[in-house]
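Hi there,

Here is the structure I promised to pass on to you. Have a look at it first, and then read my notes below.

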Amino acid sequence: MPSNNYTVKWINGIDTTISNNSQYKITDTISGNISFEISYGNNCKIQDTIFYIVNPLPQIEAVADKVIVSYNETVQLDIITTDDLSYNWTPTKSLNNADLKNPIATINQTTIFTVNVTDKNNCKN
């Protein structure tokens, strides 16, 4: 059975974190390098550097074909973007399809719509 007796030193260029956890959370907003050193046994050490990529968030602009509508009137929502995205609009109750880029909403009360988008890298905005 492998030993759990090890420590990992993560070195990100600013500070050093020492733990027995083999996971490190990247909080940078740009791509970069993270170095690590694993110590185990009788002063045995392994060192390496990992290059990580931080993908940009999807850029969108949500628009509607009308901003003032009457009761039970429809409005076309839409997203302006150049990215290939999946969509999730809320609230869903008055929408014909909450997963479309441009759903149609039937308005029967004051409503603020929110859209969450996800790109091919699973980045969400």
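**What I found**

In strand β3, Lys9 has Glu37 standing opposite. This is a predicted model, in which local features need pLDDT of at least 70 and side-chain atom pairs count only at pLDDT 80 or more, while totals for chains, interfaces and linings use all residues. Residues are numbered from 1 along each chain as its sequence is written, and side-chain values use heavy atoms, with hydrogens and water left out.

Let's stay with Glu37. Its strand, β3, covers residues 32–40; strands are DSSP runs of E with at least two residues, numbered from the N terminus. Glu37 is buried, at a relative accessible area of 10% (buried means under 20%, with a 1.4 Å probe and protein chains only).

Now for the neighbouring strands. β1 (residues 6–11) pairs with β3 in the antiparallel sense over 6 bridges; pairing requires at least two bridges found by DSSP. β1 is also joined to β2 (residues 16–19) by 4 bridges, again antiparallel, and Val8 has Ser19 as its bridge partner in β2. Together β1 and β2 make a hairpin with 4 residues between them, and Gly13 in the turn has a positive phi of about 95°.

Happy exploring!

Notes: Buried < 20%, exposed > 50% of the residue type's maximum accessible area, 1.4 Å probe, protein only.
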